[in-house]
Amino acid sequence: MTGYWPWWAGASGLALTTITYAVTTDRSFGVSGAWDRVLHWRAERRVERVNEQFADDRVLAEALAVAAADQFGAGSAAPAAHPAPHGDARAPRQDVRPPASPSPSLASLLPAPLVSQVALLLSIFVGGWVAAVTAGRFQLRLDMGDAFGQIVTDKPIEMIGALFVGGVLVGFGTRLAGGCSSGHGLNGCGRLQPVSIVATAVFFATGVLVSFLLWKVI
């Protein structure tokens with residue numbers, strides 16, 4: 001495993017990772033969303049502490065009932081059953097309607113725990129480091145490599161400026177598109193979501209166009 005994986009092995013690994021994450025967490029896999037939540041970890045922790053108070057659906061229903069009574073008055077509660085007429089020994093008519101199907105658990109609708117997002121980002125970093133070390137290509141350096149220097153710039157200040165501007169554009173575009181290549185390309189396309197299919201097509205088309213401009217024009 002000192003070289004690049006064949007395309008079918010890489011595709012199988014990505015599919016296995018995405019399916020395993022979705023099955024074990026019941027949520028979509030995405031890196032940009034994880035970065036956003038980790039960067040705003042204080043606000044996310046406050047939201048998690050509030051959500052923990054209503055982790056039980058029954059507790060949440062009771063809290064909503066109390067809030068509705070406070071807002072609209074006690075008359076908003078269900079009316080009591082009318083007493084049976086005198087001499088009528090029959091028991092009150094029971095509601096024979098079938099019970100409603102259970103709603104999905106509230107926990108599955110909440111964002112993934114913040115600690116899982118941290119673990120996801122750390123796993124990407126550690127996985128890349130392990131792959132570079134085992135392949136014998138790990139090296140600490142302060143530039144982006146010979147190819148970057150030949151195509152873009154080999155001057156440190158210009159390199160930092162180009163990376164900063166590129167990072168801002170990538171972050172802006174990711175949030176504007178509602179997800180990154182992992183969220184749209186792996187999860188969205190896997191679920192045949194139209195917006196993800198369009199976003200992924202734009203990702204690849206832009207990448208091909210920019211690569212052509214860099215290699216053939218610039």
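Predicted model: local features only at pLDDT ≥ 70, side-chain atom pairs only at ≥ 80, totals over all residues.

Visitor: What percentage of the residues of the chain count as buried?
Guide: A residue counts as buried when its relative accessible area is under 20%. The chain has 218 residues, and the part of them that counts as buried is 16%.

Visitor: How many helices and how many strands are there in the chain?
Guide: From the N terminus on, the elements run α-α-α-α-α-α-α-α-α-α. The totals for the chain are therefore 10 helices and 0 strands.

Visitor: Is H9 parallel, perpendicular or oblique to H10?
Guide: Helix H9 covers residues 181-190 and helix H10 covers residues 194-217. Their axes lie 9 Å apart, and the helices pack at an angle of about 130 degrees. Because roughly perpendicular ends at 115 degrees and roughly antiparallel begins over 145, this angle makes H9 oblique to H10.

Visitor: Which handedness has the crossing in which H9 passes H10?
Guide: The packing angle of these two helices is about 130 degrees. The crossing of H9 past H10 is left-handed.

Visitor: How many nonpolar, polar and charged residues are there in the contact of H9 with H10?
Guide: H9 contributes Ser181, His184, Gly185, Gly188 and Cys189. They meet Val195, Ser196, Ile197, Ala199, Thr200 and Phe203 in H10. The residues of this contact divide into 5 nonpolar, 6 polar and no charged.

Note on methods: Residues numbered from 1 in each chain as written. Heavy atoms only, no water. Axes fitted to C-alpha atoms, helices over the stretch in contact; angles between N-to-C directions. Helix = DSSP H or I, 4+ residues; strand = E, 2+ residues; numbered from the N terminus. Parallel < 35°, antiparallel > 145°, perpendicular 65-115°, else oblique. Left-handed = near helix turned anticlockwise from the far one by under 90°. Contact = heavy atoms within 4.5 Å. Nonpolar A, V, L, I, M, F, W, Y, C, P; charged D, E, K, R; others polar. Buried < 20%, exposed > 50% of the residue type's maximum accessible area, 1.4 Å probe, protein only.
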